[in-house]
Amino acid sequence: MKYIELGRNGDKTSSVILGMMRIPQLETTGNVRALLGACEESGINMLDIADCYSLGRAEELLGQTFEANPGIRDKFFLQSKCGIVKKPFYYFDFSKKHIIDAVEGSLKRLKTDHLDSLLLHRPDALMEPDEVCEAFNTLREQGKVRLFGVSNFNPAQMSMLQSAIDDAIICNQVQLSVCHTPMIDASFNVNMDIDKSVMRDGGVLEYCREHGIAVQAWSVMQHGFFKGVFIGDPHYLRLNSVLDRIAREYDVSSTAIAVAWVLRIPGKTQAVIGTTRPDRVLSSAKAGDIKLTREQWYEIYLAAGNELP
């Protein structure tokens, strides 16, 4: 497993992260403990969750698992997210009060005294950076959050926030897979009079690399916006054929190759996998030991239906 450094203390975090959004499907702490056991076996030491997943049930079940298995919490770098409000209706809130209250709720559900990192989940158009700074400083000084990052932010939003807060933004969690590549497409099609020339994200990958911000890719196995997994999808026959062939060359699963494709992108790159099956954790984690060749990376990109100018 490859590890990268996050934050001022140089925390060593695995390049493959286990996303916990779907763990309510597991129902019992025993099943969640088995999932964490697969992480330990494979070298994954970072967990990602959010207060809004299943209206808090995901955090609650993970916390119950921590409580039932003393010492297991300290084996993982624990990251949660806040800012999405689902009741009485869906909206975003980066107010100081909401951020602090959200963390208090997460800590209670997770049955821990601190988060290793906290991400602002989706940009709030009403965000006041100074107010966010006050919330971050309070949480850090109280020892409740060690590090801070963002999710789904563009460079201008990151820059505006960074200008006000005292801590460096450690990461930006964004959607990225071989079947969701708008951030990459625009870099290939500079000054072209075509749709893929439009840089809709403002250069997230470039900004993050320049400023040492980790890119945490979510939905690394999905096409579209939660439209489904592309592995085994008959609409992606060419891609699956290429993934299968390269997987045989490395003696790993096609899933591991798809994850390795994301991890091959330069900079501090991590991939969030969302499986609830221990065997798939073990299989996917092998991506952390693979560095695809340039030729393999481009072949996979093209096989997914992408084009080069």
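Me: Where does P88 sit?
Reply: P88 is in the loop between β6 (84–85) and β7 (91–92). Helices (H or I, at least four residues) and strands (E, at least two) are DSSP runs, numbered from the N terminus. This is a predicted model, where local features need pLDDT of at least 70, side-chain atom pairs count only at pLDDT 80 or more, and totals for chains, interfaces and linings use all residues. Residues are numbered from 1 along each chain as its sequence is written, and side-chain values use heavy atoms, leaving out hydrogens and water.

Me: Is the peptide bond from K87 to P88 cis or trans?
Reply: The K87 to P88 bond is cis, with omega near 5 degrees. Most peptide bonds are trans.

Me: OK, phi angles now. What's the phi of N152, and where is that residue?
Reply: N152 has a positive phi of about 65 degrees although it is not a glycine, and it is found in the loop between β9 and α5. Most residues other than glycine have a negative phi.

Me: And D251, what's its phi?
Reply: Phi of D251 is near 60 degrees, also positive in a non-glycine residue. D251 lies in the loop between α8 and α9 (254–263).

Me: Buried or exposed, those two?
Reply: N152 counts as buried at 17% relative accessibility, while D251 counts as exposed at 67%. Buried means under 20% relative accessible area, exposed over 50%, and partly exposed in between (1.4 Å probe, protein chains only).

Me: Switching to α5. Which of its residues are buried?
Reply: In α5 (residues 155–162) they are P155, M158 and L161. They cover an arc of only 130 degrees around the axis, so they're on the same side of α5. That arc is taken from the directions from the helix axis to the C-beta atoms.

Me: What covers them?
Reply: The cover includes β8 (115–120), α4 (129–141), β9 (145–151), β10 (171–175) and α7 (204–210). Contact here means heavy atoms within 4.5 Å.

Me: What's at the start of α5?
Reply: There, a side-chain oxygen of N154 comes within 3.1 Å of the backbone nitrogen of A156.

Me: Last one: what does D11 touch?
Reply: Not counting residues up to four places away in sequence, D11 touches I4, E5, L6, F77, R146 and L147. D11 is in strand β2 (residues 11–14), and it is buried, with a relative accessible area of 18%. Its side chain makes a polar contact with the side chain of R146 at 3.0 Å. A polar contact is a pair of N or O atoms within 3.5 Å; within protein, one must be able to donate a hydrogen and the other to accept it, and residues adjacent in sequence count only if both atoms are side-chain atoms.
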